[in-house]
Amino acid sequence: MTRDAAITTISDYFDEGRFQSDLADLVAYETESQNPDQAPELLRYLKEAMLPRLTEMGFACAIHDNPAPGAGPLLVGERHEGDDLPTILSYGHGDVIRAQTDQWREGLHPFKLVEEGDRLYGRGTADNKGQHLINIAAMEAVIAARGKLGFNCRIVIETGEETGSPGLHDFFAGHKDALSADVLIASDGPRLQPETPTMFMGSRGGVTFDLVVDLREGAHHSGNWGGLLADPAMILAQALSSITDARGQIRIPEWRPDSLSNSVRAALGGLPIEGGDGPAINPDWGEESLTPTERAYGWNSFAILAMKSGVPEAPVNAISAHARATCQLRYVVGTVPEDILPALRRHLDAQGFEGVQIVPHDRGFFRATRLDPDHPWVKFTAASLERTSGQAPHVLPNLAGSLPNDAFAEILGLPTVWVPHSYRGCSQHAPDEHVLKPVCRDALRLMAGLFWDIGEGEGLPAAQG
């Protein structure tokens, strides 16, 4: 019954190949929430992969229909050990992004785990099956070593995160008592650097929309009509260029946050963002007055995700009638979500682009959240991770990407601490998604140590009132 015993147990779980085998089983479920044809797989993942394992661990589980029509189900599990013990809420999502099967390189397949060197390839390895598997296995190791967790645990596994977590907020609002806890401890997203543990306490928000210029029916010969018919692609390109300057600095005042405080700058100061796998950072791109780390974690970023006019695969000599760009703003706390698109409308109108339509995506978007890095649960978690790894973790006020963290922070009113188990070069949301074996092994040990320390009860933050 020692901390070292729990960490040894989880190390053996990885070293003997059981983690890899379990991950292969989870990856094989084709849980594409963006593909309506795969809806049965979402329920099957909860019923066949999650429910039996959690039940074996002593969780009382129930699978719930989603309150949003057509959205995937949710599993809620609870292991109650004592009324006087702290309660941890954990979370994961069993759905994955579209498989993109034909784009994976030769020898790989999205729903078959493939090992190459230190990499384990497969859809969901990083986002998010591998991550919630690590946390569940770490709790199993604590139970094996101690005979109990030493705390109460509630867990939510949803199946719609990749489509904006439809219904999650309504479900939480209707089940607040059943999901009450002292803190959320969960895992998603990447480490800042693969060799160093990372923590973040919120996420940037995200809103996705189309800009559309629709001028007429059908295309018309560019020789006969060139110079006479307005070109929607040119109009759209000019409108897009008005949103940022040539280096991507945002020009819309309401999209420029006021929340990059001295304390946030201090938290971000010195954190390494360059190096490791992935593309090299462009030093002359983004907000000129900010460091790269501040741009990614303390500021807003605008991106054009896709553009189309005419038929790019087979262009013809004709002026198109229609042009469209799919755009996204990732935003931090300090940006008013309800004013993002109205502010864009005012900006485009002021620039003379009244004819450019703004079409919000049906998919919901997550609101920006951030927990103070000095919060007691942040300090406790950081100390535990350092005790196991021998190095201080990187502590980020918020993730650069987006998560449904607002459901936990705002609806359930919880402090939120995320400990990610992937890395930035994992090809998440792309072909050839993978995790690094050394990161997975390290993460298993970190989480076993963290759950052990929570169960010990020494130095825990005071319970919420």
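Which helix lies across E4, E5 and E19? Helix H13 (residues 437-456) does, running at about 65 degrees to E19.

This is a predicted model: local features need pLDDT of at least 70, side-chain atom pairs count only at pLDDT 80 or more, and totals for chains, interfaces and linings use all residues. Residues are numbered from 1 along each chain as its sequence is written, and side-chain values use heavy atoms, with hydrogens and water left out.

**View 1. An open sheet of 3 strands, in the order E4-E5-E19.** Its pairing is antiparallel. Helices (H or I, at least four residues) and strands (E, at least two) are DSSP runs, numbered from the N terminus. Two strands pair if DSSP finds at least two bridges between them. E4 and strand E5 (residues 119-121) pair over 3 bridges. Val114 has Tyr121 in E5 as its bridge partner. Strand E4 (114-116) and strand E19 (434-436) stand at the edges, each with a single partner strand, so one side of each lacks a neighbour in the sheet. Neighbouring strands are turned by 25 degrees against each other on average, direction ignored. Axes are lines fitted to C-alpha atoms, for helices over the stretch in contact, and angles run from 0 to 180 degrees between N-to-C directions.

**View 2. Helix H3 (residues 39-56) packs with helix H4 (residues 129-146).** The angle is about 20 degrees, and the axes are 11 Å apart. That makes H3 roughly parallel to H4 (angles under 35 degrees count as roughly parallel). Contact means heavy atoms within 4.5 Å. H3 brings Tyr45, Met50, Arg53 and Leu54 to the contact. From H4 come Lys129, His132, Leu133, Ile136, Ala137 and Glu140.

**View 3. The second largest cavity, with a volume of about 30 Å³.** On a 1 Å grid over the protein atoms alone, a cavity is a set of points where a 1.4 Å probe fits but cannot get out; lining residues have an atom within 4 Å of a point. Grid points are joined across faces, edges and corners, and a volume is the space filled by probe spheres set on the points. Ser90, Tyr91, Gly92, His132, Asn135, Ile136, Met139 and Ile155 form the lining. H4 gives the most, with 4 residues. Strand E3 (87-93) also gives two or more.

Conventions
Parallel < 35°, antiparallel > 145°, perpendicular 65-115°, else oblique. 1 Å grid on protein atoms, 1.4 Å probe; cavity = no way out; pocket = protein on both sides within 12 Å on 5 of 7 lines; lining within 4 Å.
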